[in-house]
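Student: I would like to go through this structure with you, one question at a time. Please give the cut-offs as we go.

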Amino acid sequence: MSDSPPRSRPPRISVLTATYQRARTLPRLYASLVAQTGDDFEWVVVDDGSSDGTDELVRSLQDEAGFPIEYFRQQNQGRHAALNRAVELARGEFCSTIDSDDWYMPEALERMLARWEEIPPERREQFADVEGLRIDPDGEPVCDRFPSDVFDTDGFELVALHGVEGDKVGMFRTEVLRQFPFPENLGWYVTPALVGNRIAAGYATRGVNEVWAYSDYGPGGLTDRKTELRLRFLDSQLAYWAEYVAMPRRMRRRARLRGYANCVRYSLVAGRKLRPTAAALPSPAWTALALPPGLLLYLRDRRWLARNRALVEEWTA
């Protein structure tokens, strides 16, 4: 089900929001869009099966908004599937993804476009996105700064080589996102880094040390439930870490060790035998180094699963 005002010329940016049971926070995000200093955007909202009045709320916002709002409702399939639908619906040259409990700085979208225009035209085909920083509602950073105020790298090396962690915010070229949809055969939760690393294999990222959004990691959200989601949807974790260690890229020793250790860890949690798991990894030397930390992580996961037995029983009911 899709509702939108009459379509005019395509906007430069499609703001994408996958939402579930967030009718109480969507007005804050909407207010930040109303406050934007630039107006060349649309808002694409994909409702992942909410039952809290999200549909009525978004329709009321469509009636009053000074920018196009596209609304699509689907059965609950997970954030990654909702974002796939949003990318399909997007009309913009770029897509900026923001969660329903986050919100933009007033100049955010205008600054994203300005920063993109600073990339020399002959180099833009090499880039997938521009990314800025986030802070929490108290003004504290929720992610690391880039090594310099304008920093060209790619999404994989940013973390694995340069050690820059934390959620960023920015915009991707829509055509790039359409080349790399989220896999929808790995369960209800798929880590965004899986797609991020696939994009990084072929495209660069420009990072800038400007704050473009607030993040409010409330209770019950995906960030708050990260341990549960990793252990419940093991196919996603196994696919992510297998691709991670197979990347023929430079990375810090600590990052490579972490990748191999997580391959061991999640394989054991999934009930796979250690010997064939180790044999399938690219480097026997790194596998041997990773076995002790991988086993320790596995034992920690076993303790978490034992402490949360009632929750685990719900997964398998």
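**Cysteines, fold and contacts**

Tutor: Cys 95 is buried because its relative accessibility is 1%, where buried means under 20% relative accessible area, exposed over 50% and partly exposed in between (1.4 Å probe, protein chains only). This is a predicted model, in which local features need pLDDT of at least 70 and side-chain atom pairs count only at pLDDT 80 or more, while totals for chains, interfaces and linings use all residues. Residues are numbered from 1 along each chain as its sequence is written, and side-chain values use heavy atoms, with hydrogens and water left out.

Student: Is Cys 143 buried or exposed?

Tutor: The relative accessibility of Cys 143 is 10%. Buried means under 20%. Cys 143 therefore counts as buried.

Student: How many disulfides does the structure hold?

Tutor: A disulfide is a pair of cysteine sulfur atoms within 2.5 Å. By that criterion, the number of disulfides in the structure is zero.

Student: What is the radius of gyration of the protein chain?

Tutor: The secondary structure comes to 13 helices and 10 strands, helices (H or I, at least four residues) and strands (E, at least two) being DSSP runs numbered from the N terminus. The globule rule, 2.2 Å times the number of residues to the power 0.38, is compared with a radius taken over C-alpha atoms. For 317 residues the rule gives 20 Å, and the chain is close to that, so it is as compact as a globular protein of that length, with a radius of gyration of 20 Å.

Student: What share of the contacts in the protein chain between residues at least 6 apart in sequence join residues at least 24 apart?

Tutor: Contact means heavy atoms within 4.5 Å. Among contacts between residues at least 6 apart in sequence, the share joining residues at least 24 apart is 79%.

Student: Which side chain is joined to that of Arg 206 by a polar contact of 2.7 Å?

Tutor: Arg 206 sits in strand E10 (residues 204-214) and counts as buried at 8% relative accessibility. Leaving aside neighbours within four places in sequence, the residues in contact with Arg 206 include Arg 115, Glu 118, Phe 127 and Asp 152. A polar contact is a pair of N or O atoms within 3.5 Å; within protein, one must be able to donate a hydrogen and the other to accept it, and residues adjacent in sequence count only if both atoms are side-chain atoms. The partner at 2.7 Å is Asp 152.

Student: Which backbone nitrogen lies 2.8 Å from a polar atom of the side chain of Ser 50?

Tutor: Ser 50 lies in the loop between strand E3 (41-47) and helix H2 (54-64), and is buried with a relative accessible area of 5%. The side chain of Ser 50 also has a polar contact of 2.7 Å with that of Asp 47. The backbone nitrogen at 2.8 Å belongs to Gln 21.
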